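Subject: Structure handover

Hello,

Here is the structure you will be taking over. Please open it first; my notes on what was found follow below.

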Amino acid sequence: MYFQQFPVTKCCLCGNSENLTGEHKIKAAALRKEFGKEPLMVGVSGESNRAMKLAQSVKSKHLKFKVRICETCNTSRTQQADREFDRFHGLVAERVKNNQDPLSVFSPELYLEGGDSYLNIFRYFAKLLCCHIAEVDGPIPTTLAEFAISRNSLNRIWLEIKVDPFFSHASSNFGVDQYAAHGGLIVNGDKNTKELNAYRSTITIGPVLYVFHICLETFEKEELQKIYPDFLTLCKAKFEQAKSNQASDWDLAQVGMNTNDA
Ligand SMILES: [Zn+2]
């Protein structure tokens, strides 16, 4: 079995049903740093009617996943990854501010490929992706969940770092300089075989857009077909809906894609 799918009464990462807590869609520490005590508006990138809600504070329920993770997963198993992401985002934001290539952060002095600090950045994105998949009751690749909670070192996450197009637009047109967003769960499918190829998501903090995805292996696609046909049907229905709504270049750019990817 290559996927796991737990009910909301269990931790979506490990299946434990005790001491469940809510996980932030965007890190509270990163939000506090970005927004300070400013009022916070919450929206979802890529939604054409950008319905914004006012979040009372970074602890708002609007900023948390409905799915839960257990206290052990939330603390000892992922805290190092959370802290590494804070450091990583600081380094990336500094580079973006100085018009430097954000990817230069992956230098051997800062992040040696395959080292603990390096893997911890990707474990953080893996945890977010697992939560986004669980949020729509989707099957999570077991190796991805295990990677997120440090049970393996198999990094399947592909990461791109960009300057968020909405941030640039809002900043130059409306003088908005504090902005954060997440892209929810995006699934990529094959036009011909109708197979599900990849899970992806995004987060934006200030001007920095992180786009992260995993590609599914053949044996995983086979298991999806056999055991999770309802989820595939749901994805197909969403895809048809998106096609009839014609996602604009703008909507796609906001979730880190271009028209060729759609
Ligand atoms: Zn857990």
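**Notes on the structure**

Serine 150 sits in the loop that joins helix H5 (142-148) to strand S7 (158-163); helices (H or I, at least four residues) and strands (E, at least two) are DSSP runs, numbered from the N terminus. The model is predicted, so local features need pLDDT of at least 70 and side-chain atom pairs count only at pLDDT 80 or more, while totals for chains, interfaces and linings use all residues. Residues are numbered from 1 along each chain as its sequence is written.

The phi of serine 150 is near 60 degrees, which is positive although the residue is not glycine. Serine 150 is partly exposed, with 17 other C-beta atoms within 10 Å. Buried stands for 20 or more other C-beta atoms within 10 Å of a residue's own, exposed for 12 or fewer, and partly exposed for anything in between, with C-beta atoms placed from the backbone.

Overall, the protein chain has nine helices and eleven strands. Of its 262 residues, 36% count as buried.

The buried residues of H3 are Ala81, Asp82, Glu84, Phe85, Phe88, His89 and Val92. They lie on the same side of H3, because they cover an arc of only 155 degrees around the axis (the arc of the directions from the helix axis to the C-beta atoms). The face turned away from that side carries the exposed residues Gln79, Glu94 and Lys97. Among the elements covering the buried residues of H3 are helix H1 (28-35), H4 and strand S10 (196-205).

Just after H3, asparagine 99 takes a positive phi of about 55 degrees. Asparagine 99 belongs to the loop between H3 (79-97) and helix H4 (116-135). It is exposed, with 7 other C-beta atoms within 10 Å.

Leaving aside residues up to four places away in sequence, cysteine 12 touches Phe6, Val67, Arg68, Ile69, Cys130, Cys131, Ala134 and Ile140; two residues are in contact if their C-beta atoms, placed from the backbone, lie within 7 Å.

Regards
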